[in-house]
Amino acid sequence: MTMTAAVSRDASTPSSALARFVAESSWNDVPQPVRHAAHRALLNFFAVALSAARTPSIDIAVRTYSRFSANRQASVAGRTDRVDALTAAALNAMAANVFDFDDTHHPTIIHPTSPVAPALFALAETRPMTGQQLLHAFVLGVETACRIGNAVSPEHYARGWHITSTCGVFGAAMAAAKALGLDARQNRHALGAAAVQAGGLVEALGTGAKSISVGNAARNGLLSAFLAAEGFDGPAQPLEGERGYLRVAGDNPRLQAITGELGQRWELLNNAYKPYPCGVVLNPVIDACLELASHPDIAHGGWARIARMELTGHPLLRQRTDRPGVTSGRLSQVSAQHAVAVSLVRGRAGLPEFSDEAVADPALRELGTRLVFQDDAAMSVDAVKLRIDFADGSTLRREIDAPRGSLMRPLEDQEIEQKLRDLARYGQADIDVDRLIDAVWSLESAPDAALPMRLAASRS
């Protein structure tokens with residue numbers, strides 16, 4: 001029976017169709033552009049994980065989680081610590097998402113690699129796995145997380161669920177299940193185990209608590225696959241059942257989003273990579289501000305004459321980023337007031353610009369108070385209009401239709417490589433970055449899938 005026929009046969013039961021698709025998928029079924037996208041995603045994963053590996057948040061997490069680690073089989077990116085596989089999956093997922101610099105799937109705004117890749121690399125350090133096997137499992141894990149996200153978006157996020165965490169656990173489960181060689185029945189049980197462990201709240205954005213659910217997505221997904229492999233069972237319809245995940249977590253789930261064109265249309269091709277460490281809806285805002293930062297009316301202190309700044313964009317821009325007076329670097333990553341002020345004043349928008357130090361700058365805090373929002377539901381979330389009014393009555397305007405890092409203007413391969421170099425340096429990672437980059441690009445032919453993670457672990 002062909003994979004397409006199997007999917008068609010189970011089309012009325014999305015859980016079974018998805019479980020069978022993952023079990024029967026072959027690497028030969030994965031098109032070359034999707035394979036290439038997987039390499040890009042993993043490069044970006046190591047970049048963002050290394051950037052946060054030595055932050056206070058991850059220090060606390062490593063110190064706390066390590067107390068309960070069963071062994072020292074797996075690595076933590078950017079650190080010398082070794083922990084058990086479940087703990088490594090959690091810690092590396094947490095680090096990858098701390099700075100909100102990870103990849104973004106459109107239109108769900110899931111950051112799919114953060115929960116999926118750490119589960120696989122942790123697994124690869126505990127048992128033999130080729131690079132091709134890891135890449136294949138990774139592609140299927142992303143496909144799972146994003147298709148489930150498509151079925152409940154946008155109302156799921158609007159209701160307050162942190163979609164990277166809640167859908168990421170399914171992606172990690174199916175990725176690990178594929179790597180373990182589970183069959184369709186076991187995969188369905190793994191989906192059931194993941195469904196009862198899905199959690200995460202938007203209310204936690206900007207705080208350390210957000211990292212817990214992202215870490216849990218990777219850890220619990222891996223655990224779900226382990227349990228299914230040992231014979232743990234689950235409901236027949238964990239996703240679409242009357243009280244299954246989709247109907248509990250969404251208003252009117254679109255079941256066809258899970259099975260439609262399964263194996264023909266690949267969600268990894270809808271993944272984008274951020275040039276700035278902030279919520280993705282702020283990318284066009286920052287682009288507009290950086291274009292104006294060098295203008296003679298703003299450069300060299302001219303910004304002090306700004307009387308009013310107006311952002312016009314999709315209502316989601318205001319809903320997610322209208323956060324005046326933020327008090328930490330993490331909160332600043334989802335604050336338009338801070339993003340506009342720091343981009344105009346400093347002419348940069350890297351990690352130092354979204355730090356506790358930058359947030360404490362009184363000039364930036366005061367400038368941020370001059371920002372107002374205008375909603376335009378007809379605008380794309382990738383677009384923004386910026387108007388700056390000066391005290392003397394003059395005005396500057398900028399419009400962005402597609403920001404850097406979006407699907408319309410994606411980062412080039414070399415830009416993601418440079419992001420990895422820059423963020424490894426920022427995170428003070430004692431590693432051979434170029435060797436890590438080469439290992440990721442050559443992963444498809446590598447006999448040992450764990451090599452990139454070992455290279456990403458600090459040497460001292």
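**Exercise 1. Is Glu417 buried or exposed, and which residue does Glu417 pair with?**

*Solution.* Start with accessibility: Glu417 has 17% relative accessibility, so Glu417 counts as buried (buried is under 20% relative accessible area, exposed is over 50%, and partly exposed is in between, with a 1.4 Å probe and protein chains only). Next, look for the partner: the side chains of Glu417 and Arg421 form a salt bridge, 4.0 Å from N to O (a side-chain nitrogen of Lys or Arg within 4 Å of a carboxyl oxygen of Asp or Glu). Then place the pair: both residues belong to helix α20 (residues 413–426), 4 residues apart, which is about one turn of the helix. Helices here are DSSP runs of H or I with at least four residues, strands are runs of E with at least two, and both are numbered from the N terminus. Finally, Arg421 is partly exposed because its relative accessibility is 26%.

A quick note before going on: this is a predicted model, in which local features need pLDDT of at least 70 and side-chain atom pairs count only at pLDDT 80 or more, while totals for chains, interfaces and linings use all residues. Residues are numbered from 1 along each chain as its sequence is written, and side-chain values use heavy atoms, leaving out hydrogens and water.

**Exercise 2. Which parts of the chain does the salt bridge between Glu155 and Arg254 tie together?**

*Solution.* First check the distance: the closest N and O atoms of Glu155 and Arg254 are 3.5 Å apart. Now locate the two ends: Glu155 lies in helix α8 (residues 155–158) and Arg254 in the loop between α12 (245–249) and α13 (256–259), so the pair ties together parts 99 residues apart in sequence. For context, the structure holds 31 salt bridges.

**Exercise 3. Where do Glu291 and Arg398 lie?**

*Solution.* Begin with the bridge: Glu291 and Arg398 form a salt bridge whose closest N and O atoms are 3.4 Å apart. The pair links distant parts of the chain, with Glu291 in helix α14 (residues 283–293) and Arg398 in strand β8 (residues 395–400), 107 residues apart. Then turn to accessibility: Glu291 is partly exposed at 41% relative accessible area, and Arg398 is partly exposed at 29%.

**Exercise 4. What does the side chain of Arg330 make a polar contact with?**

*Solution.* Find Arg330 in helix α16 (residues 329–332). Arg330 is buried yet has no salt bridge, and the nearest side chain of opposite charge, Asp100, is 7.3 Å away (Lys and Arg count as positive, Asp and Glu as negative; His and the chain ends are not counted). Its side chain instead reaches the side chain of Ser211 in a polar contact of 3.1 Å (N or O atoms within 3.5 Å, where within protein one must be able to donate a hydrogen and the other to accept it, and residues adjacent in sequence count only if both atoms are side-chain atoms).

**Exercise 5. Which residues does Thr164 touch?**

*Solution.* Thr164 lies in helix α9 and counts as buried at 1% relative accessibility. Setting aside residues up to four places away in sequence, Thr164 touches Ile109, Ile110, His111, Pro115 and Ala217 (contact means heavy atoms within 4.5 Å).
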